[in-house]
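Please look through the sequence and the model shown here. The questions that follow take up a few of its local features, one at a time.

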Amino acid sequence: MVDISTTIGSLRIKNPTMLASGIMDEDAGSMHRMIRSGAGAIVTKSIGLHAREGYPNPTVLELEYGLLNAMGLPNPGIDAYEDELQLLKKSRVPIIGSIYGATPDEFARLADTMQHCGAAAVELNVSCPHAKHYGMEVGCDTQLLYKIVTAVTEQVTIPVFVKISPNVTNIVEIASAAEQGNADAIVAINTVKAMKIDLETRQPILANKTGGYSGRAIKPIGVRCIYDLAQHIKLPLIGVGGITTGQDAVEYFMAGASAVQLGSAVYYRGPDVFRAVCTELKDWMSAHGYTNVSQLVGAALP
Ligand code: SIN
């Protein structure tokens, strides 16, 4: 019998696939749909203290090998989003509240509200590749990141995950700052900073010019980041980036992840991708003699 349940610190999930932040998570209705589709946990849209419109269109492009987006962190603000979270309070799967901000105090206030609304954990988004003041510059400043994570872990009792960027040369140092601040898990990776130019207009197509690239093309980058982190960081790791099939999940587990998040795969394979990935994972595990996800975690590490 194959058991695909997994744990991330104190959080136990019935299967290791989570909905990544930013897709099908703008309201309780769409998140309920993903729960019905078999996701083991749901990460909300990234929410800030105040409403944000985001960038003008075009904000999303389908490219040859993946999706390029620059939404600009559009969200209704935490007070308005509370209503959606209240509708999910009795959810049978954990809801993980994604939050963004610029200061330790902002993150602590947001985390507190997420906890109050029943979130099972918070995910600190410190890695948007293009949002000015709220993105990578927060997550790449190790001292600021340490202060943010410390402020949040002192404020809430639920687990604190930190989502980090691949667009850096010191990913281990960044994760270490989060670890020192008492984070409970590292989520890697956010999207890869990228651009698409229209040959006729000779202009970048996205309104924001640069965006974040996701989908299958970035899977090797995510796997490499998890593999590097697993050798230096003691915290549980959650892999994200290009996971589309059960075998992709196995690859991330072997690199050191204990769970995975799916984002672009929902676009490519439809909302039922969670059930499909879990079936493929179970089939692969039983064909290869594995009975538990933990047996795969870190199997490729030196
Ligand atoms: C966006 O809202 O543009 C994307 C958020 C992110 O990449 O973290």
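With 3% relative accessibility, Asp248 counts as buried, where buried means under 20% relative accessible area, exposed over 50% and partly exposed in between, with a 1.4 Å probe and protein chains only. The model is predicted, so that local features need pLDDT of at least 70 and side-chain atom pairs count only at pLDDT 80 or more, while totals for chains, interfaces and linings use all residues. Residues are numbered from 1 along each chain as its sequence is written, and side-chain values use heavy atoms, with hydrogens and water left out.

Q: Which residue meets Asp248 in a salt bridge?
A: A salt bridge is a side-chain nitrogen of Lys or Arg within 4 Å of a carboxyl oxygen of Asp or Glu. Here the N to O distance is 3.5 Å. Asp248 lies in helix H8 and its partner in the loop between strand S14 (210–214) and H7, so the pair ties together parts that are 32 residues apart in sequence; helices (H or I, at least four residues) and strands (E, at least two) are DSSP runs, numbered from the N terminus. The partner, partly exposed at 46% relative accessibility, is Arg216.

Q: Which residue of S10 is the bridge partner of Phe161?
A: S9 and S10 pair in the parallel sense over 4 bridges, pairing being counted if DSSP finds at least two bridges between two strands. Within S10, Ala185 and Val187 point one way while Ile186 and Ala188 point the other way, and all are buried. The partner of Phe161 is Ala185.

Q: Which residue in S15 stands opposite Val187?
A: S10 and S15 run parallel and are joined by 3 bridges. In this pairing, the residue opposite Val187 is Ile238.
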